[in-house]
Amino acid sequence: MTDTPAVAAPTVARTDWTREEIAGLFDLPFTELVFRAAEVHRANHKANEVQLSTLLSIKTGGCVEDCGYCSQSVKADSGVKATKLMEVQQVLQRAAQARDQGSTRFCMGAAWRNPKDRDMPAIIEMVKGVRSMGLETCMTLGMLTPDQADMLSDAGLDYYNHNIDTSPERYDQVITTRTMDDRLDTLSNVRMAGINVCSGGIVGMGETRADRVGFVHTLATLPDHPQSVPVNALVPVKGTVLGDMLADTPLAKIDDVEFVRTVAVARITMPLSMVRLSAGREAMSDMTQAMCFMAGANSIFTGDKLLTAPNSGDDNDLAMFARLGIKPMAIDLTPGQVEAQRMPKGCAKLEAAE
Ligand code: SAM
Ligand code: DTB
Ligand code: SF4
């Protein structure tokens with residue numbers, strides 16, 4: 001027996017976690033923490049199935065925000081060339097390729113502070129087109145107004161990705177052009193529009209353990225847990241504030257054990273969410289990724305490119321899955337079934353009114 005904090009019944013998605021409880025989980029002996037996370041994972045998910053999502057940058061670079069990690073900020077001297085919004089047909093072609101390679105969710109990202117109203121018609125065509133192929137749709141376009149969130153919901157968008165990225169305390173050291181509250185407002189607009197929320201962040205930005213506690217705490221105490229929680233390991237890019245600041249320091253790469261701990265604590269505190277092992281896999285061994293799957297990660301981005309940074313690539317991932325005995329998670333791709341998996345619009349509005 002241990003005198004460490006008790007974990008709630010695995011299927012109860014508590015939103016009243018305290019920072020002390022979360023810090024207590026991080027402090028557990030490593031194998032105890034991973035064991036508990038694996039128990040929670042097995043009680044709520046198929047343990048050896050991993051969901052595959054594909055990313056496409058539909059509008060790259062030239063972003064006016066100053067996120068210290070991002071190669072696409074105008075403030076970064078990263079060599080990323082700014083592009084216009086891609087044509088709808090080109091996006092649909094890439095979605096068809098992703099589907100043919102076994103992906104079940106197509107995530108479209110734009111380097112915007114927020115979409116302009118004139119961008120919305122093309123965005124809506126993309127959502128409708130990708131969805132009609134039987135893929136789940138995800139977009140990440142920056143801040144959204146309630147009206148824009150409603151428009152995306154009406155178009156059938158399944159998920160909206162909008163990361164809180166770090167702890168509330170550290171936020172203004174990473175980004176100065178918006179606040180954590182701006183982020184939370186958009187998450188609320190998305191939730192109210194009945195779109196599933198995808199929100200997570202980045203570890204390995206030189207933050208402290210206390211920041212990682214604050215980061216998980218913020219997600220796990222939202223009114224509803226995000227349905228997807230991406231955990232990114234910083235991809236340090238030359239010419240970005242953080243890439244340059246951390247280069248050649250011991251903080252340049254997150255300690256693997258601490259990364260797995262973060263995944264495990266996310267799994268325990270948000271038992272029903274999909275936890276996505278996101279950016280940074282290229283620099284991780286199969287064994288570290290295996291520990292993440294053991295600790296409850298059950299989704300990855302496939303392909304050899306994320307938005308601008310390299311990703312592991314399908315061949316490496318197929319080989320890793322074969323080594324580990326992991327199967328890609330299937331979804332029922334018939335349009336009616338994809339529809340059934342989407343949160344009915346107005347659910348969150350009804351809950352909020354209660
Ligand atoms: N512009 C939109 C926004 O910021 O919400 C969408 C795209 S943005 C690139 C999506 C997320 O990618 C960020 O919130 C951040 O968590 C992650 N990201 C960006 N650059 C990264 C890097 N170098 N390493 C790890 N994650 C990164
Ligand atoms: C997320 O949390 N990770 C993805 C997705 N959401 C959009 C993006 C990772 C970007 C990595 C850096 C790049 O490719 O530029
Ligand atoms: Fe812009 Fe998003 Fe990059 Fe921040 S993370 S600079 S908002 S593209």
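## The annotated span, 48-272

Let's start with residues 48-272: their end C-alpha atoms sit 16 Å apart, and the span is 38% helix and 16% strand. Helices here are DSSP runs of H or I with at least four residues, strands are runs of E with at least two, and both are numbered from the N terminus. An unreviewed UniProt entry annotates this stretch as "domain: Radical SAM core". UniProt positions follow the numbering used here, feature names are shortened, and annotations may be inferred rather than shown by experiment.

Keep in mind that this is a predicted model: local features need pLDDT of at least 70, side-chain atom pairs count only at pLDDT 80 or more, and totals for chains, interfaces and linings use all residues. Residues are numbered from 1 along each chain as its sequence is written, while chains are lettered from A and ligands numbered from 1 in the order in which they are written.

## The chain as a whole

The protein chain has 14 helices and 10 strands, and its C-alpha atoms fill a box of roughly 60 × 45 × 45 Å along the principal axes. A compact globule of 354 residues would have a radius of gyration near 20 Å, so the 19 Å of the protein chain agrees. That radius is taken over C-alpha atoms, and the globule rule is 2.2 Å times the number of residues to the power 0.38.

Of the 354 residues, 49% count as buried (20 or more other C-beta atoms within 10 Å of the residue's own; 12 or fewer is exposed, in between is partly exposed, with C-beta atoms placed from the backbone).

## Around the ligands

Ligand 3 has Cys 63, Cys 67 and Cys 70 around it, and also Glu 65, Gln 72, Ser 73, Ala 111, Arg 113 and Gly 142. To be near, a residue needs its C-beta atom, placed from the backbone, within 6 Å. This shell splits into 4 nonpolar, 3 polar and 2 charged residues (nonpolar: Ala, Val, Leu, Ile, Met, Phe, Trp, Tyr, Cys and Pro; charged: Asp, Glu, Lys and Arg; polar: the others, Gly among them).

Ligand 2 has 17 residues around it, with Pro 230, Leu 306, Leu 307, Thr 308 and Ala 309 coming nearest. Its shell holds 8 nonpolar, 9 polar and no charged residues; β2 (105-110) and β7 (228-233) each supply at least two.

## Two aspartates with positive phi

Asp 165, in the loop between β4 (159-161) and α6 (171-174), has a positive phi of about 70° despite not being a glycine. Asp 165 counts as buried because it has 24 C-beta neighbours inside 10 Å.

Asp 248 has a positive phi of about 60°, again without being a glycine, and belongs to the loop between α9 (241-246) and α10 (256-269). With 7 C-beta neighbours inside 10 Å, Asp 248 counts as exposed.
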